Amino acid sequence: MSISVLEQYLPENTLPFLKKWFADYFIHIKITKNRNSKLGDYRKLPDKSHQITVNSTLDKQLFFFVLTHELAHLIAFEKFNNRISAHGKEWKDTFREMLLESIDIYTDDLKPIIRRFSSNPKANFMASPELVRYFHIENPEDQFVFVEDLSVKDNFHYKGDQYEILEKKKKLYLCINLNNSKKYLFRPLAKVEKLIRDEEQ
């Protein structure tokens, strides 16, 4: 992929960082359609080159963040001869350095979130509540919300079943499945479909 094509997906002034980070490697960048299961990925190809994929539908700042995440895998694996865990200390240190080096790419309201995230980078984007909230775009016609946006006694649908929130327990939410009366714990950022009671309509 040419730099000019890649630029369309990136914030301004990112190319000096990418040229520096790409410099020692032969990398195939693939822009993919939206994937619910992941935002991007990295793998080393049989010919020793590298492939990184990133979802095409991402906000430009998030696209750069995900690209940085995947490049950190490449750089850490190459530096430490693949003798590291995928999201271990070496990757975290590499990702942290790259995020802080390129911090000025991000808008002023996002910079403090990136700095806090960089203190202990998470492997999964969804495990970073501040970033998830920042990049979540609300659709007024979309009934899907985060569990943490609901209140005790609210009802919601999740994977075909109906639930009611009973209470918040530390960082999780205790809910009862109204189909089988079993209780389950939900993470705050689980996406569910809120059910509107008749009196709310």
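Colleague: Is the crossing of α4 and α5 left-handed or right-handed?

Modeller: To judge handedness, see how the near helix is turned from the far one: anticlockwise by less than a right angle is left-handed, clockwise is right-handed. The crossing of α4 and α5 is left-handed. Bear in mind that this is a predicted model, where local features need pLDDT of at least 70, side-chain atom pairs count only at pLDDT 80 or more, and totals for chains, interfaces and linings use all residues. Residues are numbered from 1 along each chain as its sequence is written, and side-chain values use heavy atoms, leaving out hydrogens and water.

Colleague: At roughly how many degrees do the axes of α4 and α5 cross?

Modeller: Axes are lines fitted to C-alpha atoms (for helices, over the stretch in contact), with angles from 0 to 180 degrees between N-to-C directions. Helix α5 covers residues 111-118, and its axis comes within 9 Å of the α4 axis, crossing at roughly 160 degrees.

Colleague: How do α3 and α4 cross, left-handed or right-handed?

Modeller: The α3 and α4 axes come within 9 Å and cross at roughly 135 degrees. That angle makes α3 oblique to α4. The crossing of α3 and α4 is right-handed. On the α3 side, Phe65, Thr68, His69, Leu71, Ala72, His73, Ile75 and Ala76 join in, while α4 brings Glu90, Trp91, Thr94, Phe95, Met98 and Leu99. The α3-α4 contact has nine nonpolar, four polar and one charged residues.

Colleague: And within how many Å do the axes of α2 and α3 come?

Modeller: Within 11 Å, and the α2 and α3 axes cross at roughly 15 degrees. That makes α2 roughly parallel to α3. Here the crossing is left-handed. Leu18, Trp21 and Phe22 of α2 touch Phe64, Leu67, Thr68, Leu71 and Ile75 of α3. Seven of the residues in the α2-α3 contact are nonpolar, one is polar and none is charged.

Colleague: What is the volume of the largest pocket?

Modeller: About 1,600 Å³. A pocket is an open set of points on a 1 Å grid over the protein atoms alone, where a 1.4 Å probe fits, with protein on both sides within 12 Å along at least five of seven lines; lining residues have an atom within 4 Å of a point. Of its 48 lining residues, Leu39, Asn124, Phe125, Met126 and Val132 are the closest to the centre of the largest pocket. β2 (40-44), α3 (60-79) and α6 (129-135) each give two or more residues to its lining. The largest share, seven residues, comes from α3. The lining divides into 24 nonpolar, 11 polar and 13 charged residues.

Colleague: Which element gives the most to the lining of the second largest pocket?

Modeller: That's α4, with four residues. The second largest pocket holds about 180 Å³ of space. Its lining includes Lys20, Trp21, Ile75, Thr94 and Met98. Elements giving two or more residues to this lining are α2 (15-22), α3 and α4 (89-101). By class, the lining of the second largest pocket has five nonpolar, one polar and five charged residues.

How values were computed
Points joined across faces, edges and corners; volume = space filled by probe spheres on them. Nonpolar A, V, L, I, M, F, W, Y, C, P; charged D, E, K, R; others polar. Parallel < 35°, antiparallel > 145°, perpendicular 65-115°, else oblique. Contact = heavy atoms within 4.5 Å.
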